[in-house]
Amino acid sequence: MAKHELIAELRGYVDGLGGVAKKIRDLRRELARTRGLLREAVLGMIALRLSDYYTSCERMFERLSDEMNGARPEGEEWHRILLERMTREVPEVRPRVLSDRSHRDLDELRKLRHALRHLYGVEIDEPKLRIHFRKLPELHREVTADLNRFLNDLSRTFRAAEEDR
């Protein structure tokens, strides 16, 4: 894939994160107005959207790993390892993608997604879920700032490499 196409694709993922964050914001407002069974349904939708947010980030990291690192990690811990790799620069390949803070907060979402995928009918822990959706606006600002910085740095690197030819 051409380098500029990759950047455009990754910018599309960043834009998509904004849409997911907005859906969570809207659902959070709806949660304040609901009771009973409908409240449980809205909590479930919020949990699903939080999971979607992390999954969207992870897909972006997979694309980066495929195109720039040569391969994705393998094994049982691949999700954790992939996220961790995004905190490291790969000399002469790509700059660091995520700050330590974004990594830490995304790792919490990764753990939440894992728990949600393995609940199998167990009720969602509302207080724990509230922590995640209250932190999302700040997390979204951090992550999008990191990703935009990374993509801008990558664009400059690609342009400089083309000019050197």
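Colleague: Before we start, what does buried mean here?
Modeller: Buried means under 20% relative accessible area. Keep in mind that this is a predicted model.

Colleague: Fine. How much of the protein is buried, then?
Modeller: Buried residues account for 40% of the 165 residues in the protein.

Colleague: And the fold? How many helices and strands?
Modeller: The protein has 5 helices and 0 strands. Along the sequence the pattern reads α-α-α-α-α.

Colleague: What does the C-alpha trace span?
Modeller: About 65 × 30 × 25 Å along the principal axes.

Colleague: What share of contacts joins residues at least 24 apart?
Modeller: Among contacts between residues at least 6 apart in sequence, the share is 71%.

Colleague: On to the core. Which residues touch the most other members?
Modeller: The largest nonpolar core has 41 residues. L50, Y53, F61, L106 and L109 touch the most other members.

Colleague: Which helices supply at least two residues of this core?
Modeller: α1 (3-33), α2 (36-69), α3 (78-85), α4 (100-117) and α5 (126-164) each do.

Colleague: Which one gives the most?
Modeller: That is α2, with 12 residues.

Colleague: Take L109. What does it touch?
Modeller: Leaving out residues up to four places away in sequence, L109 touches L50, Y53, Y54, H132, L136 and L139.

Colleague: L136 is on that list. Where does it lie?
Modeller: L136 is in helix α5.

Colleague: Is L136 buried or exposed, and why?
Modeller: L136 is buried, because its relative accessible area is 3%, and the cut-off for buried is under 20%.

Colleague: What does L136 touch?
Modeller: A21, I24, L50, Y53 and L109, again not counting residues up to four places away in sequence. L50 and Y53 are also on the list for L109.

Colleague: How far is L136 from L43?
Modeller: Their C-alpha atoms are separated by 15 Å. Along the chain, L136 and L43 are 93 residues apart.

Colleague: New topic, S56. Which helix is it in?
Modeller: S56 sits in helix α2.

Colleague: Buried or exposed?
Modeller: S56 counts as buried, because its relative accessibility is 17% and the limit is under 20%.

Colleague: What does S56 touch?
Modeller: Y13 and L17, not counting residues up to four places away in sequence.

Colleague: Now the helix pairs. How do α1 and α5 pack?
Modeller: At an angle of about 170°, with their axes 10 Å apart. So α1 is roughly antiparallel to α5, as angles over 145 degrees count that way. The crossing of α1 and α5 is left-handed.

Colleague: What is the contact of α1 with α5 made of, by class?
Modeller: It has 14 nonpolar, 7 polar and 6 charged residues.

Colleague: And what about the angle between α4 and α5?
Modeller: About 135°, with the axes of α4 and α5 9 Å apart. α4 and α5 are therefore oblique to each other. The crossing of α4 and α5 is left-handed.

Colleague: Which residues in α4 and α5 meet?
Modeller: From α4, R101, S102, D105, L106, E108, L109 and L112. They meet L129, H132, K135, L136, E138, L139, E142, V143 and D146 in α5.

Colleague: How does the contact of α4 with α5 split by class?
Modeller: There are 7 nonpolar, 2 polar and 7 charged residues in the contact of α4 with α5.

Technical notes. Residues numbered from 1 in each chain as written. Predicted model: local features only at pLDDT ≥ 70, side-chain atom pairs only at ≥ 80, totals over all residues. Heavy atoms only, no water. Core = buried A, V, L, I, M, F, W, Y, C linked by side-chain atoms within 4.5 Å. Buried < 20%, exposed > 50% of the residue type's maximum accessible area, 1.4 Å probe, protein only. Helix = DSSP H or I, 4+ residues; strand = E, 2+ residues; numbered from the N terminus. Contact = heavy atoms within 4.5 Å. Axes fitted to C-alpha atoms, helices over the stretch in contact; angles between N-to-C directions. Parallel < 35°, antiparallel > 145°, perpendicular 65-115°, else oblique. Left-handed = near helix turned anticlockwise from the far one by under 90°. Nonpolar A, V, L, I, M, F, W, Y, C, P; charged D, E, K, R; others polar.
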